[in-house]
Amino acid sequence: TVALRGHGQLVSIGLNIPGIYLSTQDKVRDFSMLNGFKDYNVDVDEDNWFEKLKTSHNKLLTNKSYLLRWYELRDKKIDKWHEQLSNFVKSCVLEVSK
């Protein structure tokens, strides 16, 4: 995928679909940097963003190690994200039940 917004980025990662993330918002860039997806992030404020997008997209489609690295990054963090979501939902349920 090529995601332009935070929700697209999170859905891509959540569904285990490799993607390139256009940092049209700070939260897209920040999530990429914080979680190791820097090489899969394209900053649209850079002069050469379109070339970088094409290059990154092509690498995702043709470079097996680049693709496998995306999966490694995602797999390394997914359990932590599931736990964070579970804890958040539990806290919401507890709050509503008060």
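Is Arg-69 buried, exposed or partly exposed, and what is its relative accessibility? At 41% relative accessibility, Arg-69 counts as partly exposed. We will come back to this residue and its partner after a walk through the rest of the chain.

Keep in mind that you are looking at a predicted model. Its secondary structure comes to four helices and three strands, and reading along the sequence gives the pattern β-α-β-α-β-α-α. Taken along the principal axes, the C-alpha atoms fill a box of roughly 55 × 30 × 20 Å. Of the 98 residues in the chain, 32% are buried. If you take contacts between residues at least 6 apart in sequence, 39% of them join residues at least 24 apart.

Setting aside neighbours within four places in sequence, Ile-13 is in contact with Tyr-21, Phe-31, Phe-37, Trp-70, Arg-74 and Trp-81. Ile-13 also belongs to the largest nonpolar core, which has 17 residues. The members that touch the most others are Ile-13, Ile-20, Tyr-21, Phe-37, Tyr-40, Trp-70 and Trp-81. Two or more residues of this core come from each of β2, α2, α3 (49-62) and α4, and α4 gives the most, with five residues.

Just after α1 comes Asn-16, with a positive phi of about 65°. This is a positive value in a residue other than glycine. Asn-16 is found in the loop between α1 and β2, and it is partly exposed, with a relative accessible area of 29%.

One nonpolar surface patch, of about 390 Å², is made by Leu-85, Phe-88, Val-89 and Val-93. Val-89 sits in helix α4, residues 64-96, and is partly exposed, with a relative accessible area of 42%. Leu-68 lies in helix α4 as well, where it is partly exposed at 40% relative accessible area.

Charged residues complete the tour. Side chains of opposite charge can pair when their charged atoms come close. The count here comes to five salt bridges. Our opening residue, Arg-69, meets Glu-72 in one of them, at 3.6 Å from N to O. Being three residues apart in helix α4, Glu-72 and Arg-69 are separated by about one helical turn. Glu-72 is partly exposed too, at 47% relative accessibility.

Helix α3 holds another pair, Glu-51 and Lys-54, which are three residues apart and so separated by about one helical turn. Their closest N and O atoms are 3.0 Å apart in a salt bridge. Glu-51 counts as partly exposed at 46% relative accessibility, and Lys-54 is partly exposed with a relative accessible area of 41%.

Finally, Asp-26, Arg-29 and Asp-30 are linked in a network of salt bridges. Within it, the closest N and O atoms of Asp-30 and Arg-29 are 2.9 Å apart. Asp-30 is partly exposed, with a relative accessible area of 38%, and Arg-29 is partly exposed at 29%.

Methods
Residues numbered from 1 in each chain as written. Predicted model: local features only at pLDDT ≥ 70, side-chain atom pairs only at ≥ 80, totals over all residues. Heavy atoms only, no water. Patch = residues over 30% accessible without salt bridge, like charges linked within 9 Å, V, L, I, M, F, W, Y side chains within 5 Å. Areas by Shrake-Rupley, 256 points an atom, 1.4 Å probe, with all protein chains shown as cover. Salt bridge = Lys/Arg side-chain N within 4 Å of Asp/Glu carboxyl O. Buried < 20%, exposed > 50% of the residue type's maximum accessible area, 1.4 Å probe, protein only. Core = buried A, V, L, I, M, F, W, Y, C linked by side-chain atoms within 4.5 Å. Contact = heavy atoms within 4.5 Å.
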